[in-house]
Amino acid sequence: MKLWKTILAAAVLALAGSQAFAARTDLVIGIPLEPPHLDPTAGAAAAIDEVLYANVFEGLTRIGPNGEVLPDLAESWAISDDGKVYTFKLHTGVKFHDGSDFDAGDVKFSLDRARANNSVNAQKALFAAIDTVEVVDPTTVKVTLKNPQGSFIYNLGWGDAVIVAPESADTNKEKPIGTGPFKFQSWAKGSSITLVKSDNYWGAPVSLDKAEFRIVPDAAAAVPALLSGDIQAFPFFDPDSVAQVKDDPRFKVVIGSTEGETILAINNKKPPFDKLEVRQAIAFALDRKAIIDGASAGLGVPIGSHMSPASKAYVDLTGLYPHNVDKAKELLKQAGLENGFKAMLKLPPPSYARLGGEIIASQLRDVGIDLEIIPVEWAQWLDQVFTKKDYDLTIVSHTEPNDIDIYSRKDYYFNYDNPAFDKIIAELNLTSDDAKRNTLLGEAQKILADDAVVGFLYELPKVGVWDAKLQGLWENAPIQANDLTKVKWTD
């Protein structure tokens, strides 16, 4: 009897020990910006996708950690010989988080809603090639394009193309309901957004039971939050703070690439920026190395046009406008502005913008351009700059993937208009051959550089810092996402 009691006691202790050392299933992630709302199909802010993409909402396809296109709600698709008809076969047994069934009708609703005349989708142009969307049966959708579009399957993997249900589409801004492995639990405005594991997820189960996205706008607060264990991961960490944690074995520091073209955006139709000589003068005035050293701890990669250096289509045009104060002054004189001029520089909250803005203001002052720096919150930037085009200059990273076509959009905040560029983009949209697409993309990059549409600065580095026991967070950022589907704790 005594032996059995001893064995039983040992078994209880062993069970208790295994539970005590079981891998964690909760995670607190630090993010610098709070989303303006929680609907990826109705806003341009990257912070929306950084919380919700692949976690709460899913599309027909999705973009993987290396920029590859993967099946998602569509398990497969077939493309007609003329490249205009796409037939998608959908997964069965998929449910939205409110318990309603997902089917082909939801796909038709979502795509038709995104391309409608009254659409508020920030990337409405992604859907412009669609002619019709037909429900063949509950698990089959046929999409017919007006013309072939080589990037169509990729475009469907954007956060702006996620599938929503007609019953909940109008309330997704505050209470998002998707089909993903996590469902929305709560949003403490100004503090955090919490997701929990979905019990009825159709795909591979996730390891985390709960994920809290903690909003930490002050970069200086990130280090103590990490050191205390209050926050376990910052997928986008302030480069200037890396030195404080890089030698601590408790953390992993991962430096990867992004699709974030960091630019000094220029209002091309607002005098005197409507003059090519003025924009070129700005380009010559910019010292990229000093900006990269000061605003990204030297980690950014210089760019001379709107393309990631990681892309196969990238053309290095950084030598077109070397830092040259005398040349900048000469161009201003040619524009009739030898005495310089004053302008406004509106800066959103990210440190790359606020730090970069101070450096750029100093550099432009050296050539006679006196900038008034106006810090704005993210919501103000989206309203004043992005929507109303009420600005002279601003600094922002465009983190959307392969988005050079934004310069062809007539209502876009750059106010840029060049028929030659538009023609190349139109041809690009009709081309699926990779080699030809790369040639066209090269031509497009050259036009943007020649026109000095904006001041091209650098590709935003992805600096991630997280607990060394965490696995599955993305090293690179081919899209705006903190995909938690493969994230888990190790012992």
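**Entry 1: a strand pair and its sheet**

I began with Val85, whose bridge partner in strand 7 is Thr144. Strands, like helices, are DSSP runs numbered from the N terminus (E, at least two residues, for strands; H or I, at least four, for helices). I note that this is a predicted model, where local features need pLDDT of at least 70 and side-chain atom pairs count only at pLDDT 80 or more, while totals for chains, interfaces and linings use all residues. Residues are numbered from 1 along each chain as its sequence is written, and side-chain values use heavy atoms, with hydrogens and water left out.

Strand 5 (85–90) and strand 7 (140–145) run antiparallel and are joined by 5 bridges; two strands pair if DSSP finds at least two bridges between them. I then traced the open sheet of 4 strands, which has the order 4-5-7-6 and antiparallel pairing. Strand 4 (74–79) and strand 6 (130–137) are its edges, each pairing on one side only. Neighbouring strands here are turned by 20 degrees against each other on average, direction ignored. Helix 3 (104–115) packs on this sheet and touches strand 5, strand 6 and strand 7, and its direction makes about 170 degrees with that of strand 6. Contact means heavy atoms within 4.5 Å; axes are lines fitted to C-alpha atoms, for helices over the stretch in contact, and angles run from 0 to 180 degrees between N-to-C directions.

**Entry 2: the mixed sheet**

Next I followed an open sheet of 6 strands in the order 14-18-13-17-15-16, with mixed pairing. Its edges are strand 14 (301–302) and strand 16 (369–375). Strand 15 (341–347) pairs with strand 17 in the parallel sense over 2 bridges, and Lys346 stands opposite Thr394 of strand 17. I found helix 6 lying across strand 13, strand 15, strand 16 and strand 17, at about 140 degrees to strand 13. Helix 10 lies across strand 15 and strand 17, at about 110 degrees to strand 17.

**Entry 3: a pocket**

Which element gives the most to the lining of the second largest pocket? Helix 10 does, with 4 residues. The volume of this pocket is about 800 Å³. Among its 43 lining residues, Pro32, Leu33, Pro350, Tyr352 and Leu460 are the closest to its centre. The lining divides into 30 nonpolar, 8 polar and 5 charged residues.

My terms: on a 1 Å grid over the protein atoms alone, a pocket is an open set of points with protein on both sides within 12 Å along at least five of seven lines, a cavity is a set where a 1.4 Å probe fits but cannot get out, and lining residues have an atom within 4 Å of a point. Points are joined across faces, edges and corners, and a volume is the space filled by probe spheres set on them. Ala, Val, Leu, Ile, Met, Phe, Trp, Tyr, Cys and Pro count as nonpolar, Asp, Glu, Lys and Arg as charged, and the others, Gly among them, as polar.

**Entry 4: cavities**

I counted 5 cavities of 30 Å³ or more. The largest cavity holds about 90 Å³, and its lining includes Arg288, Tyr321 and Phe456.

The peptide bond from Pro271 to Pro272 is cis, with omega near 0 degrees. Pro272 sits in the loop between strand 13 (261–266) and helix 6 (276–285). Ala54 has a positive phi of about 70 degrees although it is not a glycine; I placed Ala54 in the loop between helix 2 and strand 2 (61–63).
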